[in-house]
Structures are given as structure tokens and as C-alpha cells.
Amino acid sequence: MPGMKRKEAPTPAAKPSKEFAKKLKTSSKPVKPAASPKPHKPVKTENTASKAGKPLNHARSPKSAKPVPKPNADLDEDESDTTEKEDDFYGLSSNEDADGMGDNDSASEADDESANGGVAIPNDEKMKAESKRMKKGASTDHAGNGITTDGKPVKTGTTSAEAHAAQRTLLAQRKANKPNADSIARAKKLWERLRRKSHVEASERKALVTELFDIISGNIQDFVFKHDSVRVVQCALKYANKEQRLQIAEELRGSVRTLAESRYGKFLVAKLVVEGGEKVRDLVIPEFYGHVRRLINHPEAGWILDDIYRQIATPAQKATLLREWYGAEYALFHKSKNGSGRAAHTDEKNVAESAHLEKILEQSPEKRKPLLDYLLHLINQLIQKKLTGYTMLHDALLQYFSVLAPGSSEHTELLNLLKNDSDKDESGDLLKNLAFTKSGSRVVCLALAYGSAKDRKIMLRAYKDHVEMMAWDANAHIVLVSALDVIDDTVLTSKAILLGLLGTDTSNSEQQDKLLGLMTHLTARIPILYPFAGSAKWLVPDSQQHLLAEVHGIREGTSKKDPDTRRKELVRAISAPLLSLIASRAAELLASSFGCQCVTEVLVGSEVASPAARKPALEAVAACVAGDITDEGHIAQSAAAGRMLKTLIQGGKFDPTTKTASPASPPLEFASVLYPHIKQHIARWACSPSSFVVVALLESSSFDESGKREIVSALKKQKGELSEAAGPEPVGLKEKEPARKEARLKGNAGARILLEKIA
């Protein structure tokens, strides 16, 4: 070691053997050299240890050995073969420590010599070996001192608490040296109070918000780009009034795009457009104009831009943002001549329609190829990055799909793009995300209609684990309906979609509870009842009627199976589980109007089911009408239940073209099943909101004449109550006059008809 006196290495008495050399490598205990019959001359040792820090374990042969010169006693004790300046070591000076070596130091050196076969290790090599040993097995005690593997403590000069305190002090000094450190610290203290909503009174909160705005006003830019202080601004925005929110938006003008790209600042942009009003919205959204392509590909700003596009932007602002997908010219020339940042069109409706790609190509047909290439490249870019959840992407896909000619290379390429997304790794992220938006679901429905039988099966595979979730969604359920309409393999669709919703074991109570939820939900019931009711207006919303009509038109050229045959095959697959559900849970189904519609469609529409299969369900429905109708919650007081019973008695649904009921085949014969349950209260049924049930019994062709005579006889005995329920009959007024019409609306129409029948 520099600055220390080097000791003379003792000369071994004999040449070490190979066995001794091997032991010397693996043992740390002193090993005596093997005795040699012939003494050798002194062997000169190396001045330095090996690179690995191991002691020298061999000597030169006797022929090449040279005597080691004796150290000169006249030389200075501090002299060394290296200097401190050369080794850059100034920790130990020769003047301070060379003369101060004690007996302990000498003893430790002697031990080292004996431990290495009498060969001394230079001090610098001992330091390296000690450091290496500390790295391998050193630890610390509770006071922060080092502990070696043999359990001996090594003093480090400071405790762990002192070291941590020094780190905290240094961190505080660094924070204090940053710009606006005092203001940020004060604002964060106020934020700590404000964010505990339940612990702050309204008056105190108002004062704290005022004080907070005094601090951040004029310095918003310094706060919003730091991960901790941006939360202070979000808190201020939450409790601010309209003027204060507008003030924040004004100060952030020109920095919104940069803030949206920030990992923490993007949440402030989202909160700003949600909490702010129309003025704030019109300040923020134009900041994105001209930068849509870059922002939509950004990992942080992409979701913020799409959320604003989907939830906040007006139709005109949406169109301006979407037009930038069509090319650079639409990103550059989006502002008005006055530079206000709003679209050049003054009519909001015209601006909203300006993003329709079909109209743009009609006006500029020469731009078709470069525009479609640009749009497809941007679509592919997001799909490759797995950023397929953007609503803006789905709108762009629909615009692109709408201008392609069926059968063209571009059309086939897009269908392959959708199909390959599901076929490649069976994840189908694009198809899954498309199904849950309005534009995306339309794209999937059209793709199913245009695709081949193989393409449809591949695309349907992407939804095999998400059928129930899709049935509950306002947009995704129409994808299931379209699949039922266009796929010829009804075995596949009944298993993948219908039985995926109904389940295979309808006797299970948990499965029945799930089915009750599906059948009584406005949207979830549509895929299940569609094979029975088709695209009826009461079932399918008007917004989706046009889409289904378009799918049906495409289906004529792409599907081979007859639509009526397809429908009957689907009904046959799901009739049994639905009839079982009605038989076991009829009372719960009849408690809601949606449940009554379900019972009606299943019992009337299950034409392929045998009478024996429908009988338990019919008896369960008839059993629910028993009892006194004046009791609270009786189904006779429900208009929906009355319509259901009337339809079941008639044996079929009403046909508006023929003005008659179309009887089911085989006939239901529900009248004979129902009458025994209401026979004792037939007069009260005639005066109730479900009076048309009694009218249907008298008009039913399947009900026997003896039962009809009993009803007429019972009604004649209660003619007074029946007349009172029918209401007053105006005399001397024409049929079309308002007074007569109003009087008829006040009375029971079914009771009036019964009075005429028993007269």
C-alpha cells in the first residue's frame, strides 16, 4: 500500500510441491511446506500479487532462481516503489501512519504470512481481498454498522438514522432551490386540507380555494408540469366557479397539447373539459386541430383526445377532428379566415356533414386514391400498435368501409384485415372493441353480411367468451342479431350465441336468475327473442331497423339458406330452455311488462315444440291468475299481463293486415286451461283493467260453448257493476264529437263490449 513500509518477504527453505500448491489455493489455514532433502537457494518472489488477489503458490526452478537482495538499511522508511500521486491515494500519509504501526499491525501481517505458506501479500492486495469479502457477506446491525460474515462489526462512522437525516436534508435543500418552491409548498399544504372533503366545512373550503387561487394565479404553467403540483391545480379546478375555471383555461392556452402528452398533466386536461362549460370546451378542443395524427399515436395523449372526441366535442368539432384522418391538407386548412380556430363553415350541420367521406369524394373524385391510401395507412398504424379501442378509429373505419365497392380489392383487403385480427392469435381485440361502439358495431355487421361462410365463423370466434357482455350493451347486441341473421350454420350460432346466453342447465337456480335478468332487460332480451319476433318495432329500436334492413339486402346475395328456415331452426334450439324457465319462474316473469312480452313470444312462437312440451308452461301461467283480483299486486291490475292473457287465449299474435289473430300451429288451447282459475271471479275480471281477457274467452273458437254460456250468465247477474265500469253513455251526440270521445276514454272499453254481448 502506498505510504506504508514494505516488509521483506521470507525465503522458503525448499521448493513447494504441486500438491502443496493445490492445497494452498483451497485452504485458508496455515500449511507447512513439505520437507525437502536438499535445500535450495533463496527464491526471489514477485513484487505484486496475482490479478485475482491470490497468494503466489509456486517458485522458480533452482536453476533460474536468484538471491533476493537485502534491503538497504540506509533507505528512508517511507520509500516505496509507487507514490501516492501515481496511485491517486491520499487516505493514509507516510508521515502520519508509517511510524505509528503497532504490535497489532505487525501481528496481523505475520498471521497473513503464515496463512499463505510464508509468502507475504502486499498491503494493497489485502485491502482488495478485504473489500471483496465484505461485498460477499457483509451486513449491518441495528446501529448501521457493517457486520462481516464471521459476525465481527465494522465501524462505518455513522448510523442509519443519521444517514437518512442527511439525505432528507439534502432533498429539502434541492427542492428549496427550485423555482416557485415556496409557492408550491404553500399550495400543497392547502391541497392537503381541501382534498379531505368530509373534514372541511363549506365556508372554510371557500376560503381555502380563494387563498389557493391567489397563489396559483399567473403561475399555472409552473404548476401543471410537475407531478405533485398538478394535483393542486386539479383540486382548485374541482372547487372553482365558472370564472375561475375559465381563468385556468386562458392561462393554459397554447400549452394544452403539451399537457395532454404529459403523464400526469393529461388528467388536468380531462378534468378541465369535463368541469368547464362551453367556453372552456371551445378553448381546449381547437388546441388539437392540426395535430390529430401525432396525438392519436401518442401513448398518453391518444386516450385523452379520443375521450374528448367521444364525450365532449360537438358534432362540428368531431367532424373537424375526423377530417384530419383524410390527409395533410385537411389538417392544415381547418381554420376560418379570421383565425378564430373554429371551422370555416358557419352552419353547424354542414360542418358535421363535412366529414362524410362519400360526399368529399363526390366533390373531388381525383383525390380518391391518395385519400384512401392515407386513411388506410393511419388505420393500419393504430391496429399494429394494438390501439383499437379509439372511437375515432371506429368512425374512420366506417367512413372507409362506406366508400368501398363490394368485391373490389380494397373491400376484400379490409375484410381480410378484420378477419386476420381474430384468426392470427384468436384474441380479436379489434373486433371486440368495434362491437361496443355505434360506428364499430355497424362495421362488424356489414362485414358479417359481406363475408363468406368461413369469414363469418372466424369473426364469430372472437366473441365466444363475451356473448353475455355483448347482449347487455346498447351497441354490441346488434352484432349478435346480425350473426343470427346471416350465418347459415344454425348449429354454430345456437351454441355460440343463444345457448351461450341461456346455458345448458336451466334447472339451476343461479342460471335461472341470470335468465330472468336477461329476459326483463330492454336490450339483453333482443338477441334471445329475435328468432321469435324478428325485427318487430317493440323489440328492435328504430335506430337499428335501417341497419338490419341493409344487412337483409346484402344477405340475399351472400347467404344460401332461406330466412324462414333459419329462423325455425334457431327457435327449435332455444324453445326447450325457455319453456322450462317459464314453467319454473312464471310468477316473476309476469311481474314486469318485459317478462309478459317474453312469455307471449315464447308460447306463441314455439311452433316446433310439441303440445306436451308447452303444457307445463301454460299451466304455470294460468296458476298465476288465481285469487281475488282486488288484492294488491294481482296481475289482473297490469295492462301488460292483460294483453298477454288475451293473446294466449286468441292462440296467436294480431295481424294488422288481416285485422285478425294468426293462430299458432299446433293451437295453444289456453282458454280451457285459464277458465277454471278465474271462474269464481269472472264478473270482477270483466270490470277490471284486464276486461278484454273475458272478451277473448267469449270470442275464442277453441273454448267450448258451455263455458261461454256460464260466463254470459254470470255477467248478467252483475250487469249493474258492469254498466258502472263501462261509464256513462252520452246520448244525442255524433260519434266523432269530442264530448262522446272523452266519455268513452273515461270508461272501461272491455266492459262496454261485454254489455253489448250479453244484451
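User: Why is Lys 386 called partly exposed?

Analyst: This is a predicted model, by the way. Lys 386 has a relative accessibility of 48%. Buried would need a value under 20% and exposed one over 50%, so Lys 386 counts as partly exposed.

User: Where is Lys 386, and what is its phi?

Analyst: Lys 386 sits in the loop between helix 21 (368-384) and helix 22 (391-402). Its phi is near 65°, a positive value in a residue other than glycine. Glu 669 also has a positive phi, near 55°, and lies in the loop between strand 5 (660-663) and helix 37 (670-678).

User: What makes Glu 669 partly exposed?

Analyst: Its relative accessibility is 47%.

User: What makes His 411 buried, and what is it in contact with?

Analyst: His 411, in helix 23 (residues 409-425), has a relative accessibility of 4%. The cut-off for buried is under 20%, so His 411 counts as buried. Leaving aside neighbours within four places in sequence, His 411 is in contact with Phe 401, Leu 404, Ala 405, Pro 406 and Tyr 450.

User: How do you know that Asp 488 and Arg 566 form a salt bridge?

Analyst: The N to O distance between their side chains is 2.7 Å. A salt bridge needs a side-chain nitrogen of Lys or Arg within 4 Å of a carboxyl oxygen of Asp or Glu, so this pair qualifies. Asp 488 is in the loop between helix 28 (477-486) and helix 29 (490-502), while Arg 566 is in helix 33 (residues 563-589), so the pair ties together parts 78 residues apart in sequence.

User: Which of the two labels, buried or partly exposed, goes to Asp 488, and which to Arg 566?

Analyst: With buried set at under 20%, Arg 566 at 2% relative accessibility counts as buried. Asp 488 comes out at 22%, so Asp 488 is partly exposed.

User: What makes Arg 567 and Asp 564 a salt bridge?

Analyst: Their closest N and O atoms are 3.6 Å apart. The limit is 4 Å, so the pair counts. Both residues lie in helix 33, 3 residues apart, which is about one turn of the helix.

User: What about Asp 228 and Lys 188?

Analyst: Here the closest N and O atoms are 3.0 Å apart, and the cut-off is 4 Å, so this one is a salt bridge too. Asp 228 is in the loop between helix 9 (220-224) and helix 10 (229-239), and Lys 188 is in helix 7 (residues 181-194), so the pair ties together parts that are 40 residues apart in sequence.

User: How many salt bridges does the structure hold?

Analyst: It holds 30 salt bridges. Arg 245, Lys 271 and Glu 275 are linked in a network of them.

Notes
Residues numbered from 1 in each chain as written. Predicted model: local features only at pLDDT ≥ 70, side-chain atom pairs only at ≥ 80, totals over all residues. Heavy atoms only, no water. Helix = DSSP H or I, 4+ residues; strand = E, 2+ residues; numbered from the N terminus. Buried < 20%, exposed > 50% of the residue type's maximum accessible area, 1.4 Å probe, protein only. Contact = heavy atoms within 4.5 Å.
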